Amino acid sequence: MILIEPTTDYCQQIQAYRKEFLECGDSMDGTSGLRRFEDPSDWIEYLNSHKDPATLPNGHAPASQYIFVREEDDKIVGMIDIRHVLNDYLAKYGGHIGYSVAPSERRRGYATQMLKAALLVCKELDIGKVLITCIKENEGSKRTILNNGGVYESTVYEPDENVFLERYWIVLSER
């Protein structure tokens, strides 16, 4: 398993990943708005605008998007978004990291592996304390966070999505 930045080489798989989520009606957490992009090339261009503070849209935090690829068959099984800093919204609701695993690839430990790899990237970015949130009822995500050293802080209500989010911190200096 490997984290890599999305490239146009993966456009067909990115499109299939998006389609799988749309067909099952699931949220596409950690995909930097992939739901809004029918053309994966447009999404990749959008991602590139979020890397450079000069092209970063107003109100957005700089971020790095990764696809989680199973090396033996070069298949995308998950996606993860790492926000380098927290704006007001992310500090309360979104956190540093958002992620998802393709519905057809769940319950195989990929989310735990993907988060572990992303925490190494956070360490390289000098993010010493990582905030991760998950919907209160999402037991799989909660286990993923706890398996990676997450410590529960609080639960908050996010009114735009009408959900309760649990907030967890992972201190990287202790890893």
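**Helix packing and strand pairing**

In this predicted model, helices H1 and H2 are roughly perpendicular to each other. Residues are numbered from 1 along each chain as its sequence is written. Local features need pLDDT of at least 70, side-chain atom pairs count only at pLDDT 80 or more, and totals for chains, interfaces and linings use all residues, while side-chain values use heavy atoms, without hydrogens and water.

Me: Why are H1 and H2 called roughly perpendicular?

Reply: Helix H1 (residues 11-24) and helix H2 (residues 40-49) pack at an angle of about 95 degrees, and their axes are 9 Å apart. Angles of 65 to 115 degrees count as roughly perpendicular (under 35 roughly parallel, over 145 roughly antiparallel, the rest oblique). H1 and H2 are therefore roughly perpendicular.

Me: What makes the contact between H1 and H2?

Reply: Cys11, Ile14 and Gln15 of H1 meet Pro40, Ser41, Trp43 and Ile44 of H2, where contact means heavy atoms within 4.5 Å.

Me: Why is strand S7 called largely enclosed by the rest of the structure?

Reply: Buried means under 20% relative accessible area (exposed over 50%, partly exposed in between; 1.4 Å probe, protein chains only). Seven of the nine residues of S7 (residues 163-171) are buried, so the strand is largely enclosed.

Me: How do you know that S5 and S7 pair?

Reply: Two strands pair if DSSP finds at least two bridges between them. Strand S5 (residues 129-135) and S7 have seven bridges, in the antiparallel sense; valine 130 stands opposite isoleucine 170 in S7.

Note on methods: Axes are lines fitted to C-alpha atoms, for helices over the stretch in contact, and angles run from 0 to 180 degrees between N-to-C directions. Helices (H or I, at least four residues) and strands (E, at least two) are DSSP runs, numbered from the N terminus.
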